[in-house]
Structures are given as structure tokens and as C-alpha cells.
Amino acid sequence: MINTFIGNLGHMMTIVAFVSALVAAFAYYQYYKANELEKKSWQRFSRIAFYIHGVSSVLIAFSLFEIIYNHRFEYFYAYSHSSKALPVHYMISSFWEGQEGAFILWIFWNVILGVILIHTNKLWEAPVMIVFALVQAFLVSMIMGVVIGDLKIGSSPFILLRDATPAPIFEINPDFVPEDGTGLNPLLQNIWMVIHPPTLFLGYASTLVPFAFLIGGLALKRYSEWIRPALPWAIFSAMILGMGILMGAYWAYVTLNFGGYWNWDPVENAVYVPWLILVAAVHTMITFKKSSTALKTSIVLVILSFILVLYATFLVRSGVLGDASVHSFTDLGLSGQLLIYMLFFTAVALFFTIRAWKHIPTSEREASVYSREFWIFIGATTLGLMGFQVILPTSIPAFNALIESFGGISNMAPPADQIEFYTKFQLWFGIALALLTAVGQFFWWQKMDKKALKDALLTPYIVSVVASALIIVAAKVYDWKYMIIVVAGTFTVVANAVILSRLLKKSTFKLAGGSLAHIGLGMMLIGIMFSSGYSETISINMSGLTYSNSWEDELNKEHVLLWINKPTQMKDYTVIYRGRQKKVVGVPEYVPAKILESTGNVNEAIALEDYKDFFKKGDVVDIVLEENDYFKIDYFQNEVLKFSLAPMSQFNQGMGGLISSPDSKIYLNKDLYTYVAAMNDYEDPEWKDDEFYEASPGEQFHIADFVTYFDGAEVLQEVEGYVLQEGDVAVRANLRVLDYDVEKKLTPTFIIRNNQVGKLPVVDNELGIKVTLDNIVPEENKFVFKVNRYQKDYVVMKAIVKPYINLLWLGSIITLMGFTVAIYRRFDEFKKMRDKGME
Amino acid sequence: MKKGHLVGIGIIAVAIVIIMTSIGDASSYETFNTALEMKKDGDEKAIHVVGQLKKDAQGEVQGLQIREDKTSFTFVLVDNEGTEQEVFYNEPVPADFTRSESVVVIGSYKNEEIFIADKILMKCPSKYQETDVQAAGM
């Protein structure tokens, strides 16, 4: 039976949330304008309106999750984003796989942030919350799903499947509910996909806070006071957004098979740029607090970071990227709405800024080269240019769409080799930033002139030159560009470490945020240089084939074909593919797939053999996601098994094919990263023509290319899965088939009943053969075997060594720690001022 | 000249360099005919060509040839003008390749016979087809 209640509740709540957001915006506006007498009651009313909005937003999320959790496949969202086989934590990923869920997540975070702001601010509540409530109204409108005439506002996640697809089945039976959903994209079935989107969206949501304070400040004509409350939030936002990006990168590294953590894909670029601008904004805001300069720059940067987040949303979700991105979202018809959303806040920001521009205090004094303001400004500019260089080509599809909407034709395409294109700029910007942070920190903490600067920098300079020389020699960095990166990165780490130790000696840990974050940055830079610049494909040119085309011989073949059980030399390793494995509930290791047979129920199999102490033959076991195959790849060195990797693949019909995830051997100084690029499909083999072999018991012969021993035959008293009757004769032949170091027992059976013959063939998927005991010739003591071949099991694999990638992850963690320290310090400052009644 | 101006000029200079290289390095959408002409003119730049796989009346993909070691393959792409071209891709066949509705190849002509794709983007039929709903339920 179709449950329409929960969907109606969700849809109702969407409308309540939309209306209450508008009411809250209006009420806060009244509160903002009201005189002292009326202020109290308007405040109460506005808060109630916002709380109603908050509660209804939470109920929207609840309704959607209820639909997914209870497998209500009558709803399009549950049908297309989840399935019965999904464990609960992946149902959470299902929630935000669709764009509507992502919007709900965003709305939810804004509610949380709004409630926190209501309770931590006095003066700022009204103006800030007006901006908040308006943003919420726009966001909720994206999931409203209201149709007025030809105008469709938003795409509702609560529509029923029968309304979403015109499948003929619904004409026969409108109450038809599919048995199962189409499932969650297997690439999202990863623990990082459970936590990466919420982090990223909290990052998105939190860029609103500094923006709201800024607009509030401009409206209240407190042109500079907004910085204090906004600063801890700006740092918070930069940290969370940065963390979200890094989690995404890490997810890509462990789940996707493009061979790295960053691909310069438009979707990645679209979040990277606002983050850069936000970091620049944080720096100029800190400068302003210290020396009252860079206010205008801060204002521009804060606005830009917020608008760029909206622009990113537009690029990614409007479908404008189309062919340009591997993971752009389907077009829900929201482009117009997203555009209006972005343009509205751009207009609001421009209006207030232009109105206030000439009143904004500026410092007339020219910044000296020996002042921190000057260096911070250069740093912020570098960040800005860095962002500009990325956003410009990323916008090419949007630019084409714009031209086409005016009837023009543009055939411009993004750069063909994106990695090379972006790297050649970002590399130098990265080096500039590293040097700037090192020098900048010295300017920050003490007054500098030419001589003081020399003295301060001399020791870190010498130390880092010596250290980088050691690194360069030890790690064989012979590319001059990479040498410069090593020097710049080491210099940052050393110089900031010097500052850090001084700060810790003199004062508290509270001030250490900056130097910590910069140390992390230096390490990240070196880590990125090594893991990307010196990433080495070791599965290269190993087929030994020569090609008919001369041009093809010149190309590097970056994959290796591994036949099952066949040892293959790959650089320092001998690798052997050993077959497919499954993950079984309660078993801490992978289990060979060949000993499991599906029962027909989802994620359930029957054991064909005992497996260690974990289960016995005939036990019914639960499989973790039955579609997943883990390919066992053994790595040998000097004939000793060093380790096994288990890259995953899933043959997913709904997603249209093979989906692969890598597996890596992690060393302290490098990762060995492997993934499966193609595999054998033995679900429905096309057997080749019959081949017949005759053999006597005890004889050795060849089946296909395999050495085979015919150990003899025996008469059976019972046959598995077959009821023997009186007078039946069942004969089983015992064959041992050798494939390299593996010996397989194949036992085709032959049954005679009333002069009728029944043959039970055996199929070995790994060897790709089907063996039937075709006939027995007692006079000659000969057995006739019929053999059909398909092909041996294989995988096509790629293996890459990524040196010092751990440096990148370690640097990331240190940077995030630095951010955390800084947030604590800046929030503490704001709290002190607020409690004094200043704000 | 004031320092501020110098910095300003510096910024503008870098911005101009960025814009110029972005335009210079931007690729373009071409057809096989225009791409071949570019090659003949000595322009080796990688370009985008949009097209469909060659299929017979039954919808079976034609001309897909996988190399013996399964690490690369060639296929025939029909661009939007109807020109057929053999394309080589130095990667294993992507799993959903034969199902794709349209294919974008990014690369260039190696010689006049063969186009080498450095990268392939595929547009696959939507996950939610009417038939799928039926199949899932019946």
C-alpha cells in the first residue's frame, strides 16, 4: 500500500519552512526598525518565526530520511537513491546523493548556525538574521516543487514514483510499489561519503555568517565593527570548507580510480576557489583588527567568497557544466532559480557596499615594504589571483551557455590537459605563498627594518637550505621546479617553527594558530609535490606485445593484464591475481567468492565449503554488499609473499557497468595504489565449441592448456542435489587440473537410469572451462570428457607508487589544528567585547 | 612612482598573463574534418570532438577492437556531421562504453588515419528509464 502521509508531511513542512522564513525576515526587519519599546516583542515574534522555520526544516529532513529508512520505494527519491541491501550508515549517504537532499542538508546547517547566532549575539541579531532568513527562503524554494501555471518552483524530494516516471505499469496499477530501489551509487558507499558532504555543506553554509555580519555592519553603518564577530566565523568557515575539500580529496583517493586525490575537475575547482578567497579574507580581516587597514579589501573578499559559493552551486547544479565534468549533477530545471538566488545576493551586496563605500574608513598612509600590512596584502592578492586563474577556465561552459542564450555560437572548450594547465600556474602561486607566509610571520610578530629582517631570517634560511639540500639528495629531486618547491616548503616549515617556539616560550598557545597552519601548508606543498610530481606508474609496458602500428609502440601502456594464478613481474614485485573475494558479516578477512553461492535473497549466500573457523559448509552467511568483488592480488618480493591487496569492483547494471575502487598498501614513505580497470564477465559465458578428450584412470593429459590428472572414477551412493532411485548408477570422475601452483579438483558426474544418461558437468569460472563426463567406454577402460572453454579469469590493473603522500595528510591535519586554535582565540576576543556590552 | 602603483601594475600584468594563457590553452569543439585540417596545418593541439559510436541496425556497436592485452582499444566514432573515424584509446574499455549515448573524445590526429584520444567523456542513458521501473517490479 502506498504511504502518502509521510510525503505530504514533508511537502507541507517545506511550505511551512518557506513561509516562516519569509515571516522571520519580515519580523526581523520590523525588530531592526522598531523603537526601544516595541523591540522586545518584535524580537520574541521574530525568534518564534525562525524557530518554526527551524522545526519545520528538521521535519523535512526527518520525513525524507523516514522514506529512505523504511524503504518506501513508492517515492521516487527512495527508489532512485537507495535499496534494501544498504546498511544504515549508507542510507545516510542516500539522503544526500540527490540534489534535493543536499539542499536539505544546507538548509539544516543554516538553521543550526542561525540558532547559535541568535543566542550568541545581542546587537547583531536583527540584521544578521534578516540575511539568514532570506537565504533560507531561497534555499527552501529549491525543494518546494510547486507548480504555478508553466512555472515550476523547486524540485520536491517527496514526489511519488508514479508522478515522476510515466512507466506503463502505473496505468495498470497506480498503487504499484517496486520491490527494491535502484540503489546508491557504489562510489558513494564509502565512509568518507557519509561525513564529507555534511562537512562541505557546513562549510558552504558557514560562509553565510561573515557575509551576514558584513551586510548587517553596512546597514547599521558600523562599517568596521562587524569584523570582530565575523572573524571567528570566517576562520571557522575556512577551516570547515578546507576540511570538506580535503575529505573529498581523500575520498577520491580511496574510492575513485582516476589515480589521485585531485583532478582539477570543474566540481572540485568550484569549491576550491571560494575557499582561497575566504582564506584571503581571513588574512585581511586579521590585519584590519591589528592595524585598521585593508577594510575595503576585506569587505570585497567576504562578499566574493559568499557569492562564489553560490556561483559554485550554480555551476555544479544547473547542468551547465554538462559534458565538461565527470561528476556534474543532472539538471533538475533549477538553473533559473539558482541564477536568481545568486544575482539577488550579488545585487544586495553591491547595493550596500556602494552606498557605504565613501564612508568606509581607509588608511591614507602608504604601507611600507617593511610592514606586515604590505606582505599580507601581497599574500591576499596571490590567493585572489590563484582563484582567478582557476575560475576563469572553469567558467568556459557557462560562458558558452551565455553566448548561446544570446543566439551566438561558441566552440570553446576547457583545456584538454587540465592537470598540466592548472599545475603550471598553481605551482608558482604555491611557492609564492609558502615564501610569503614565512616572511610574513616575522613581520607579523615584530617591527622590522632591513637589518632586523636579515637577522631574523638568516637562521631559518640557513637551516632550511641545508634541510632541503638533504631532502633533494636523499629523495633524488632533480627537477629544478620541484627543487624550488622543496626549498620554499622547508623554509615555511622552519621559519614558522621558529616563530611557534618563540610564541610558546613567551605567551600562550592561543596565539599559535597562524604559525601552526602555515607549518601545515609547507608540509602539504612538499607532500603534493612528491605524491603528484613523482607518482610513478609501475604497471607499465608489460604486455611484451609489439604492435603493427609504429605509433602505437611509442605509447606507454599503463595497465597490466593479470591472468589468474599467473605470476607477472611488475617492477620490484611479482604479482599474482588469485581470484575474487567477498566481504562476509562477522568475518574479519575477505572470503573467496567461489565458496559462496547466492541463495537468491539479497546479500545472503550459502557456504559451499568450510572456511577456517568462521563458518561451515552449508551455513547461510550474510554478505556485505553482494555486488562487490574484491580481487585478491598477491605481491611477492624474492619469492616471499609481502602483502595482498584487494581492489574492489562492482558490476552495477543500474549505474551502467563497472565501478572500481582502489586499494593501497600504505608505507610510512609511500603508498602503492592499485585499481582494477577491467575484469572478466563470467556471468553468462559464451562457451566455445565442444572438445573431446579420452583418458584412462591414472593417466595424465591436457585439458585446454592445463595439465590434468585423471585420478580415477568411483561409483557414488548419493549425489548432491539429486535423488537417486533404485537401479540408478552414478559415476564420478576425479580430475585434478593444474594451473601454475594451483591444483583444482573437478568432479564431473555421470548418471545412468533406465538406459538414459544424465550428465552433471562442472564449471570452473576461474579457469573458464566446463567439463562434462560425456561417455564411459568400459571395454577400453576409457572415459570421454567433453570440454568447453570460455576464458580464464583475469583483471586489468593499474599500479602507481605515490611517494610521501602521508606528508600531505599530516600537513592537512596540522593546518586544521592551526585553524582551530585561531577560532578559539578570535571567538574569545569577541565574547569579551560582547560581555562588556560593546556589541 | 608610488609603490602601490607598482604593485597594481604587477597584479594587472599577472591577470593579463592568466587571461591570455587561458584563452591560448583553451581547447575547442571540432568535427573530424576540421580536426584533420588542423593536423594538416601542423596544429597538434588537443581538441574535443562530440559524436556517437557506430552502430548497426540492431543497435550493436560496430568496429570496437580490443587489443590482445586488453589495455587499449580502437573504435569508430561518428561525429555530428556524420564523418566516421577510427579512434584509438590507450586505456581498457570503460565498462559502460558500449551503452553510451554520446561520446566526447579529447585528443588529436596522430596521422591521417587515426585519431588518438587522450581522454574520453561519456554521456550515458539516464539511470531511470521507464523500462527499468518495470523490470524492477515484475
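Which domains does the domain assignment of chain A give?

1. Keep in mind that we're looking at a predicted model. For chain A, the assignment comes back with domain 1 (1-184), domain 2 (550-667) and domain 3 (691-792).

2. Now the pair formed by domains 2 and 3 of chain A. Their C-alpha centres lie 28 Å apart. As for contacts, 6 residues of domain 2 of chain A meet 6 residues of domain 3 of chain A. On the domain 2 side, the residues touching domain 3 of chain A split by class into 2 nonpolar, 2 polar and 2 charged.

3. Have a look at the sheet in chain A that runs β18-β27-β26-β25: these 4 strands make an open sheet, with antiparallel pairing. β18 (691-695) and β25 (762-764) of chain A sit at the edges with a single partner strand each, so one side of each has no neighbour in the sheet. Going from one strand to the next, the twist averages 25 degrees.

4. Which strand does β18(A) pair with, and over how many bridges? The partner is β27 of chain A, residues 782-789, and the two strands pair in the antiparallel sense over 5 bridges. If you want a spot to check by eye, find A:Ala695, which stands opposite A:Phe783 in β27(A).

5. Chain B, briefly. Here the domain assignment gives domain 1 (1-27) and domain 2 (31-126). The C-alpha centres of these chain B domains are 38 Å apart.

Technical notes:
Residues numbered from 1 in each chain as written. Chains lettered and ligands numbered in written order. Predicted model: local features only at pLDDT ≥ 70, side-chain atom pairs only at ≥ 80, totals over all residues. Pairing = 2+ DSSP bridges. Axes fitted to C-alpha atoms, helices over the stretch in contact; angles between N-to-C directions. Domains from an automatic or database assignment. Contact = placed C-beta atoms within 7 Å. Nonpolar A, V, L, I, M, F, W, Y, C, P; charged D, E, K, R; others polar.
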